[in-house]
Amino acid sequence: MRVVSGIQPTGKPHLGNYLGAIVNYVKLQDEAVAAGGECFIFLADLHAISQPHDPAELTRNTREMVATLVACGVDPAKTVLFNQAQVPAHAELQWLLNGTARMGWLNRMTQWKDKAGKNREGQSVALFTYPVLQAADVLLYQATHVPVGEDQKQHLELARDIAQKFNNDFCAEDAPLFTLPEPYIPPTAARIMSLRDGSAKMSKSDPSEMSRISLSDDPDTVMKKIRKARTDPEPLPSEEKGLNGRAEAINLIGIYTALTGKSTAEVLGEYGGQGFGAFKPALGEVLVETLRPINARFTELKDDSEALDAILARGAAQARESGGATLDAAYRALGLVRH
Ligand code: AQP
């Protein structure tokens, strides 16, 4: 079992990152250790430069993201925790895979279409080739399980297509180089939506702070954001089918069930027939209690840059070692001479 996933240090991580991905990093890290496998979690700093950015902020965000991941339970003693920039094999393998990836495949990526909008000509080349780097990130370590939110499913499918084509084009039939990675998408909370718009994903880049719960929000801020979260005027239904077409209600109940382990039926049994005025404070409390230990640990860790850098340096050394054989084999398969 090889678990591999990454998160961009592009801002404060939010509840969507937590429920869609980070919770599963911790779960799969423990499963991998128990099964004698390995877990690699990286900060996708090379991905972060695909959009306009402030270099000093990227450095600060990178350290804060390590502190956040550790505060959430990613354990550097169990997981190889590092940033891409310290492992050149990610960028090297991306270049090798650029020869296999097709323009048409990348043109179909919905994240590219959404982020580029009408201004494709003005985007960085990195934003367009982003999914090829993502393929390199997981194929380099022969990933079997890739914990991601629903929004990354299409990129994972692309990574499988690239791996399959490379194996077909450059490897003997009985000796494929790349393992085809499987996405691990949580059954609930795979797509947490904005608190201001039930049809948009909760995102770091949404200009409205009120659209997301950041993992570093204090209790008053959390309660305020939930109180002001957009909802419709109807009371909560008593049965699940009554939620049809009510995106904001589905989102808030989905967050509650993911955090408490209760089923939707149980929650509706408790709050059905009542307005959001009863449910929202309960949801706020659950969130505050979830974030309390994370915030406490984050505060202890966040200012010790030396310790945070040491975690990344140690992880990067392990990652360079682990990815070396696959990178060498990819160069060889392509006929590139490197003596
Ligand atoms: N709203 C979400 N619900 C569930 N999972 C989510 N993820 C992101 N948003 C949600 C998952 O978090 C992991 C890390 O994501 P990322 O930071 O690398 O990239 P992202 O998807 O681009 O995150 P954002 O917040 O939406 O950033 P911006 O605004 O910069 O684009 C991934 O596994 C992702 O699926």
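**Entry 1: domains**

I looked up the domain assignment of the protein chain, with bounds from an automatic or database domain assignment. It gives domain 1 (2–185 + 305–333) and domain 2 (209–299). I note that this is a predicted model, in which local features need pLDDT of at least 70, side-chain atom pairs count only at pLDDT 80 or more, and totals for chains, interfaces and linings use all residues. Residues are numbered from 1 along each chain as its sequence is written.

The centres of domain 1 and domain 2, taken over C-alpha atoms, are 31 Å apart. I then listed the contact, where two residues count if their C-beta atoms, placed from the backbone, lie within 7 Å. Ten residues come from domain 1 and ten residues from domain 2. On the side of domain 1 that touches domain 2, helix 1 (15–34) and helix 3 (55–72) are the elements that give two or more residues. Helix 3 supplies the largest share of that side, four residues. By class, that side of domain 1 holds seven nonpolar, two polar and one charged. Here Ala, Val, Leu, Ile, Met, Phe, Trp, Tyr, Cys and Pro count as nonpolar, Asp, Glu, Lys and Arg as charged, and the others, Gly among them, as polar.

**Entry 2: helix 7 and helix 8**

I examined helix 7 (residues 125–139) against helix 8 (residues 153–170): their axes come within 9 Å and cross at roughly 70 degrees. The axes are lines fitted to C-alpha atoms over the stretch in contact, and angles run from 0 to 180 degrees between N-to-C directions. The two helices are therefore roughly perpendicular to each other, a term that covers 65 to 115 degrees. Pro131, Gln134, Ala135, Val138 and Leu139 in helix 7 meet His155, Leu158, Ala159, Ile162 and Ala163 in helix 8.

**Entry 3: whole chain**

I found 13 helices and five strands in the protein chain, both taken as DSSP runs numbered from the N terminus (helices H or I, at least four residues; strands E, at least two). The radius of gyration, over C-alpha atoms, is 21 Å, close to the 20 Å that the globule rule gives for 339 residues, so the chain is as compact as a globular protein of that length. That rule is 2.2 Å times the number of residues to the power 0.38. Along its principal axes the C-alpha trace spans about 70 × 45 × 45 Å.

Notes
Parallel < 35°, antiparallel > 145°, perpendicular 65-115°, else oblique.
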